[in-house]
Amino acid sequence: MKLSRVALAIALTPTLTLAEQPASHEQALKLSDTLITANRDVEQRSNSSAASTVFTRADIERLRPASVPHLLTQVPGVQVANYGGRGASYGLYIRGTNTSQTLVLIDGVRAGSATMGGAALQFLSVDQIERIEVLRGSRSAIHGADAMGGVIQIFTRRSEGEGLRPYVRIAGGSDSTWERTLGLSGGNERTRFSLSAGLEETAGIDRTRASFASDADHDGYRNRSLALSLSHQFNDALEAGITMLDQRGKTEIDNPFGRWDSTTFQSLPASPYDEYSISTTSVWLDGRLTDVWNSRIELGHSEDKQENFDKLFPGSDVNNTYRDSVNWLNTLALGGGHSLRLGADYLNDKVRSSNDFQVNNRDNKAAFAQHSFQGARFGTELGMRHDDNQQFGSENTFNAALSYRLNPDNQLILSYSEGFRVPTFADLYWPFDGFYGGNPDLKPEKSRSYELQWRSQLASATHLEASLYRTDFRDLIVTTSDFSTVDNINRARVNGFEATLKQELFGWHGDLGISIIDPRSRENGNILPNRAKRTLNLSLDRQFGDVGLGASFTAVSSSYGNGDNTTELAGYGVLDLRASWQASSELAFDAKLANVLDKDYSRLMYTYNGQNYGYRELPFTAMLGVTWTPDL
């Protein structure tokens, strides 16, 4: 905590000067052409070397996704494999990487489980989200561990402007699904706040096909959410704020593998469910110290609590993660197109588990620096980060980028980046039960990525972005051939191509995204499991006065359900339709028809009685909602 006190004293120094400055973090959250996550400070997306996708609140209300993982399927290069229905666990694959190789931030705070890896995005209510930024490609030189595949940052709801602005939303639909949200935001030119609460419930679907009789029911899901944001601008050079997010509830699970009995060494029928609580808190202070120096301090705390129960067996399994962080970022505008970012991070992970881990606490200290230059034709970026992990020692990561503007409408970007991921507590210390156990001798996973981007404004209403990339991985943590533990025994590489096209034509706004990847193990040449080689996303929207119409189509090619490439999951295409009507200044209606063609498909496989089956994805569903925003 010494670092936080020093940074706080600097940020509060009375020598603050009033100077013209770019949009603040809070202002930038409303803009679609800005980016915060790539370099941890506000910048124009066109000036960033990162391949990125941004969803604003307006995009979320237009698309009306059922969940955050469902929204992420609209990002080129991102694949989501679900264990069936709302509230189910999922696999997230950004550019061929796996779930634990993607860093998830909520309002700048690291979220997720330090025992199992990954973040519980399936439990986040989309009604509590202001903005989502998705970076594709490693950003470990800025964000540290786990950012090998990319970074997803979620920002909670913010104020809609001055005065008081209440809103109420109620939606209902298939499978006895209900969504209810109540919120109030407002403020004045200095102080802004937003407070919202929500309740989401669904009877769910039967997530598995052939399985134990105890799995032959619908798997329900319940989520209670609360979000708060408060910011105050003391003067033109000093701003402070706090954000809080709390999600908690219950999700039922199908378990075709049964409950393992270490005494009889057999699987027994099970009827499990999870009770969860996901929360983050961020306190920040942002000060412009001089005309060229901006300093920001962030204190964060996150909790990921999940307790697994079984209706057929007594007791529970507990895996809770507690994270405390301190981040200090300094941005220096040096003039002549040059800027320098200097930062220091502190992170402490603590776990409490019903499993007897040998180690349950570790911290990580880091410092990083990145220089950027933006000229008339050329731009450069060079960064380095040093991490000192309590368990794994020092790790240095680098990134570099060179951009060249061919003409005002065309730009090329060549970049290099390194990444790493530290093993989870479960990877290291899962107690051996006679069948499986962790490996305390694991080393961090590492990666190197190379990318060439082309960004083009083909016409006033046409924008194209395309990327060619390659990522090499080493020391990947995988299950050993006898399934008894995990080890650093695998290498892999991913070659890929992505393209996005935005087009306005005859009043219709179209977004097209395609991704082609070749993700292979370098040990045996097999395709990595659950990764489809080709994906396509197409979205069309048009406004007819007060009425809006839209459609989204997602196509995914076949994939393999295991690393041996002996089981194949068929490709599929899913069509969604949506409509909205602004009936008055206070009342709006929306409707969503998902999986209109009722496509029966699966993205993940399981084995029951020696046969392979796919988990069910959501069938055709319908939702109708109404939003009331009374004028005060």
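Predicted model: local features only at pLDDT ≥ 70, side-chain atom pairs only at ≥ 80, totals over all residues.
Which residues does Asn-327 touch, not counting residues up to four places away in sequence?

View 1. Residues are numbered from 1 along each chain as its sequence is written, and side-chain values use heavy atoms, with hydrogens and water left out. Asn-327 is in strand S19 (residues 313–335); helices (H or I, at least four residues) and strands (E, at least two) are DSSP runs, numbered from the N terminus. Apart from residues up to four places away in sequence, Asn-327 touches Arg-40, Gly-108, Arg-296, Ile-297, Glu-298, Ala-344, Asp-345 and Tyr-346, contact meaning heavy atoms within 4.5 Å. With 11% relative accessibility, Asn-327 counts as buried (buried is under 20% relative accessible area, exposed over 50%, partly exposed in between; 1.4 Å probe, protein chains only).

**View 2. Salt bridge between Arg-296 and Asp-286.** The side chains of Arg-296 and Asp-286 meet at 3.0 Å, N to O; a salt bridge requires a side-chain nitrogen of Lys or Arg within 4 Å of a carboxyl oxygen of Asp or Glu. Because Arg-296 lies in strand S18 (residues 293–310) and Asp-286 in strand S17 (residues 272–288), the pair ties together parts that are ten residues apart in sequence. Arg-296 is buried at 7% relative accessibility, and Asp-286 is buried at 12%.

View 3. Arg-57 forms a salt bridge with Glu-61, with the closest N and O atoms 3.3 Å apart. The two residues, Arg-57 and Glu-61, are four residues apart in helix H3 and are thus separated by about one helical turn. Arg-57 counts as buried at 8% relative accessibility, whereas Glu-61 is partly exposed at 37%. Both belong to a network of salt bridges that links Arg-57, Glu-61, Arg-64, Arg-86, Asp-127, Arg-169, Glu-179, Glu-200 and Asp-590.

**View 4. Aromatic pair of Tyr-83 and Tyr-615.** Rings of Phe, Tyr and Trp (its six-membered ring) pair if their centres lie within 6.5 Å; planes under 30 degrees apart count as stacked, over 60 as edge-to-face and the rest as tilted. This rule gives 14 aromatic pairs. The ring centres of Tyr-83 and Tyr-615 are 4.9 Å apart and the planes stand at 70°, so the pair is edge-to-face. Tyr-83 lies in the loop between S4 and S5, and Tyr-615 in the loop between strand S36 (611–614) and strand S37 (621–628), so the pair ties together parts that are 532 residues apart in sequence. Tyr-83 is partly exposed at 34% relative accessibility, whereas Tyr-615 is buried at 4%. Ring pairs join Tyr-83, Tyr-606, Tyr-613 and Tyr-615 into a cluster.

**View 5. Salt bridge between Asp-206 and Arg-616.** The side chains of Asp-206 and Arg-616 meet at 3.7 Å, N to O. This pair links distant parts of the chain, 410 residues apart: Asp-206 is in the loop between strand S12 (191–202) and strand S13 (221–235), and Arg-616 is in the loop between S36 and S37. Asp-206 is buried, with a relative accessible area of 17%, whereas Arg-616 is partly exposed at 28% relative accessibility.
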